[in-house]
Amino acid sequence: MGWRKFYCLLIIYLLATSESSFSQNKKEVDSAVMDRKVVDLMDKGGIPGLSIVLVNGDETLVKAYGYSNLKEMDTVNTSTLFQLASCSKAFTAVAIAKLISENQIELSDKVSKYLPWFKVEYKNKAQNIEIKHLLHHTSGIPWNTISDIPTANDKFALEKTIRKLIGEKLNSEPGTKYEYATINYDVLALIIEKVTEIPFETYLQTNIINPIGMCSTSVGEASQKRMMASGYKIGFFSPREFKAPIYKGNNAAGYVISNADDMLKWVEVQLGRGDSAIVQLVKQTHARDRTVPLHGMSAYAMGWHVRLNGSGEIYHEGLNPNFTSYIVINPDLGGGVAVMANSNSSYTAVIGEYLMSAITGKEFIEDSDLGDGNDKVYSYITMALVLYTLIVISFLLFTAWAIAKKFRKYKELNRKRIGSMMFSVLLITPFVYAIYLFPEALAQFSWEAILVWSPVSLEVLIIALSISVTLSYFSYFVTSIFPSENEFLGKAPMIILFSVLSGLSNVLLIIMITSAIGSDIELKYLIAYYILILSVYLLGRRFVQTNLIRFARGLVYDLRIELIDKIFSTSYEKFEYLDRGRVYTALNDDVNNIGGSTNMFASLITNTITALGAFVYLASIAFWATILTLFLIVTLTVIYFLVGRSTNVYYENARDERNVFMRLVNGMIDGFKEISLHQFKKLSYKDDVAQSAKFYKEKISTADIRFVNAFLVGESLLVVLLGIVAFGMPKLFTNIELHVLMSFVVILLYLIGPINTILGAIPTMMQLKVAWNRLKQFKKDIPANLKLEIMPISFPKTDSFEVRGVSYSYKNQNGDNSFEVGPINLRAEAGEIIFVIGGNGSGKTTFAKLITGLYTPDKGNILINGHNIDIACAGEFFSTIFSPAHLFKKIYSKKQFQQDDHNHLLELLQLAHKVQIDNNSYSTIKLSAGQLKRLAMFQCYLEDSPIYLFDEWAADQDPEFRQFYYRALLPEMKKMGKIVIAITHDDNYFDVADRLYKMDQGKLKLYHKEDTMVF
């Protein structure tokens, strides 16, 4: 608009230099100031071109501004032609006055006298409309009959238009109530045709227009087409060229075409100057109807509104799809203004009122709620739909890429999925029907009519909506046929979509509530749309909430499984160094915090959409007031951000203390026996646990309290904001309408909930950030070094087991060797029993962990049947009993075991009365240390591995079972061809071993049986 304004100012300057200043009796009008104001209002209203006429006593001014055609950059001049729109009615009224003066018709004549086929009814009773009812808009014909006017340009167009009224149901009994209906004057035009027997356009031109001397003025078609301005319609905040349909049947009410030079003559006639016969007729049209209640502070005369505010002014607005006009006359002061514009802007009337105030000296108050035919609302919705459509297209492209890469695979449709698709199509039916009914519900218009009279943005909105819905369904069908392998990821777009829809529905509900007050929309439509939008909100929220519950639980599961996979992919050697407190906190607190955040995010999306939609609506009704409100909201958000950033460290510290607490809890569980022995030890440990819990409480409380303080400041700001709106806005924005202010307050009251929810989510997001960072770091710190898979064993029978040159070093914090085991060399054949002895700290346990693959040696190899094997696979050949022994209640084995199959062994181990096996699980593992080891021995028999390793198995057994172990079980295993490696201190049974080794200072040496007594 900037360039246009520049050219307008240039033209104004040139015109101003060639014209004298325009003065009024006691007030001199500054032409330059007036020009700047007119151009400013044109710019605000999206008016490309304008002509004005000012008459003040003997002084007159005719001027032109802007462009008659933006594309060709043709400037407007005083000869440029414009449609007068509804200001045309005054011409038709004069024609009727002339026929009355000639006694050809009377005001009390019934329409049916001239049009016998014209029949209307009120409350199912036939009614007679009189000519005066048509002139004064008291016929009861509904205003929205303008949408019934057919597109036509033939000689029968007028009668076709009036015949559309046959059988029309009136809104009121004729002569009882004012209701503006443009078609009233088309009926008058047809009566003129019937009475005069010549076309209406010819009669008006010959008998009214020409006698006044309006040489360039015509009816329906421009007298000089090259001088006709191009018409424009507002769309996407700017005027867009629009060629409106031809409505010849509405010429009498809206299609007199004139220019500024001719309109000067028309204004002068209205002021009582010129041809005396016409002047007398014009005066008759100024007489207001006194038989019905006023509309506002005005009454209707004949083609004119009459102000009853003491000014004595008569005026009329004109609005066509692409032209507007405004005429205001003050007969008492001898002043008048006419404005014609080639745009459907509401600012044409504002310019007319400004110009009238300039010549009368009255104060000019610019209306702040002019309206734009909902262009802003339609434009914002269209832009949102375009953005959404781009997102859907991106998603479709990503889906196509995923299909091409085989990340999404074809899944055959079944009845359930086909039914779901059909239901989704059926579900949209009422919404499609609601859109179809929108023009009728809004104004009882047809789609054809509403697209003509509404901004260009509405038509684009409908196209954008159709495309977005079509693409959405196409996307839904594609993803149903090619679903994502991740069920939750596949539903994420739908969850986000329904969150947005739910938020928008929430906005629409409050807008509907505030807009319904005083609305003319029928109650049945209000209820139907309210229920429909409420259904979208409720169903959308339910879909989102239920899926998020599944999504949250699935997310928690996936995160846990991911951590568990990584932990289980960690060798025992690496696992020993993990902090148990971190394991517990990550698997429980952090994962649950992240999983629980999904509901918060859904609520955040819904409430954010609600808030944004509400502010867009508020901006459309009171822009600067909304900007002020947003400034305060942004201030509040900045406060929260600053508090959040300073509070984050407290959440971090609290999370660290949580690790300590969980570590102490783990120690309490594992060592409860030990700490229970001594009261002082138990109380001291309890104090440490309580102290850790206290530190956590203090740190998390400090963080939460800081947010509470900020939250209270935020709530106070919101209350202050309401006060500013209620008390301050009428002072700050003096032109704001009461209903706009009430809508503002109601919507802000409604928004307190969503805004508080958004702000209240910030502490949760802070904790989520801490949990996510810690979880990410923990995943990074898990030293996963194995492939979690079933390792194949290619040896049908194990004949030998050999450890060759295996060594291992423990490192201190500096990375230096603190203790070294090896090199170890050991070979055992099937059916051999090997004992390993040694003192505490000699390296026996490390030896056991090395040969079973729990530790990865620094160097050396393990061989089965003379072949090197992967160290990580070594454990696959072993069944072990470590000290202390640990058993799982479930027997993890590919084989299925039943009680009866191994009853004799349980009886032999004196466990049959304690333990039963059912579905590969023990009935109990709550046994004494000795019983638990015997049950572990039983499990070794079940596993039937080729190599057994026992670490001090007999240490917890009574003498009877100790002897049974050495003299019966081990020899039995030898006969079975097992390789048995037993760590022991029982020198009384060394003779059972085929070979005896001693571990000393990490070195494994063969120990001869004859030296056992020395040991």
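**Exercise 1. Determine over which residues pLDDT stays under 50, and how many contacts beyond four places in sequence the model has there.**

Solution. The term pLDDT denotes the predictor's confidence in each residue, from 0 to 100. It stays under 50 over residues 1-28. For this stretch the model has 49 contacts beyond four places in sequence, a contact meaning heavy atoms within 4.5 Å. For the chain, the average pLDDT is 79, and 75% of the residues score at least 70.

This is a predicted model: local features need pLDDT of at least 70, side-chain atom pairs count only at pLDDT 80 or more, and totals for chains, interfaces and linings use all residues. Residues are numbered from 1 along each chain as its sequence is written, and side-chain values use heavy atoms, with hydrogens and water left out.

**Exercise 2. Explain why the distance between the end C-alpha atoms of helix H7 agrees with its 14 residues.**

Solution. Helices are DSSP runs of H or I with at least four residues, numbered from the N terminus. The expected span is 1.5 Å times one less than the number of residues. Helix H7 covers residues 183-196, so its 14 residues should span 20 Å. The end C-alpha atoms are 20 Å apart, which agrees.

**Exercise 3. State how many residues of H7 are buried, and what follows.**

Solution. Buried means under 20% relative accessible area (1.4 Å probe, protein chains only). In H7, 12 of the 14 residues are buried, so the helix is largely enclosed by the rest of the structure. Among them are Ile183, Tyr185, Leu188 and Val195. Just after H7, glutamate 197 takes a positive phi of about 65°.

Definitions and conventions. Helix = DSSP H or I, 4+ residues; strand = E, 2+ residues; numbered from the N terminus. Buried < 20%, exposed > 50% of the residue type's maximum accessible area, 1.4 Å probe, protein only.
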